[in-house]
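Here are my notes on this model, point by point. Please read them with the coordinates open.

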Amino acid sequence: MLARLSSMFSRYFWPLLVVLLAVSLTLVLWTGRPENVRYAEMACTFENRAPACIDSVRDWHEGLAFYDSSLSVTGDTLASLKALLWEFWNIEFAGAGEASIAHDAVLPLRVLETRRSGCMGLAWLAMMVAEARGIPLEVILLPGHVYLRYGKDDGRVLAESASKTVNLEPNRRGYTYTDEDYREKYKAGRWTGLEFKPLTPAQFTGLAAFDMGNLYLETEPTRALRWYRLAGDLFPEYPGISENQKIAKSRLPDKF
């Protein structure tokens, strides 16, 4: 009996250890506090890279150079940002359903590689640019969706004839819907009371961690729980996190 148990232990120990190490690495790498979260650093952390990995990404630096050049010529921050995202990088919508919430559509460094994204990946990448260049940009939450809101330009209110803010739809190459349009489009969704409020970097990346957990909820509940734990640390007020944690725990194998 002891020999059989030893054989089973040897057979399953190392594969299980590798899985546990892989899914916990994100939590190990992120040792900061929610108020200190930065979009670029978290993009690296989510892919288990060093926090400053963005410094070695060629597409990133070429994109910023394009933005700077466009801005110097046009003086138009919003137009330069849109040109970067949807002309220079030419990021396309990955498609509805599962395609828009896959790893490659959520994680911004993968979006840079594939040039395809869902709303989260495009918004995350846009906020990285905003963070690097001081662009007045925010991410706004809707039921199952996020969009971008552009506001002031370098502290100056936009022309009186124009709206003070402009909404940019990530999945339609920056098309502008009004807030009223969004309320109508998503009225049947599950509203939490957090909608139409700008997300902080911690809240946004917490939402991304929640999406990552959801990818593993059906097949790898242990891995899902690791992501939900990170999501809860970053965005504790989002109600879906605790609910899905309970579901993941209920699916854990009894032997573990």
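1. Glu62 is partly exposed, at a relative accessible area of 31%. This is a predicted model. The partner of Glu62 is Arg58, in a salt bridge whose closest N and O atoms are 2.8 Å apart. Both residues lie in helix H3, four residues apart, about one turn of the helix. Arg58 counts as exposed because its relative accessibility is 64%, and the cut-off is over 50%.

2. The structure holds 14 salt bridges. Arg190 and Glu243 form one of them, at 2.7 Å from N to O. That pair links distant parts of the chain, 53 residues apart: Arg190 sits in the loop between helix H8 and helix H9, Glu243 in helix H11. Arg190 is exposed at 51%. Glu243 is partly exposed at 34%.

3. Glu218 and Arg251 also meet in a salt bridge, 3.2 Å from N to O. Glu218 is in the loop between H9 and helix H10, and Arg251 is in the segment after H11, so the bridge ties together parts 33 residues apart in sequence. Glu218 is exposed, with 61% relative accessible area; Arg251 is partly exposed, with 36%.

4. Shared partners join the salt bridges of Glu47, Arg49, Asp104, Arg110 and Glu113 into one network.

5. How many disulfides does a search of the whole structure find? One. Cys44 is joined to Cys53, S to S 2.1 Å. The link is left-handed, with -95° about the S-S bond. Cys44 and Cys53 are both buried.

6. Phe66 lies in helix H3 and is partly exposed, at 25%. Beyond its neighbours within four places in sequence, Phe66 contacts Ser80, Ala83, Leu84 and Phe88.

Definitions and conventions:
Residues numbered from 1 in each chain as written. Predicted model: local features only at pLDDT ≥ 70, side-chain atom pairs only at ≥ 80, totals over all residues. Heavy atoms only, no water. Disulfide = S-S within 2.5 Å. Buried < 20%, exposed > 50% of the residue type's maximum accessible area, 1.4 Å probe, protein only. Helix = DSSP H or I, 4+ residues; strand = E, 2+ residues; numbered from the N terminus. Contact = heavy atoms within 4.5 Å. Salt bridge = Lys/Arg side-chain N within 4 Å of Asp/Glu carboxyl O.
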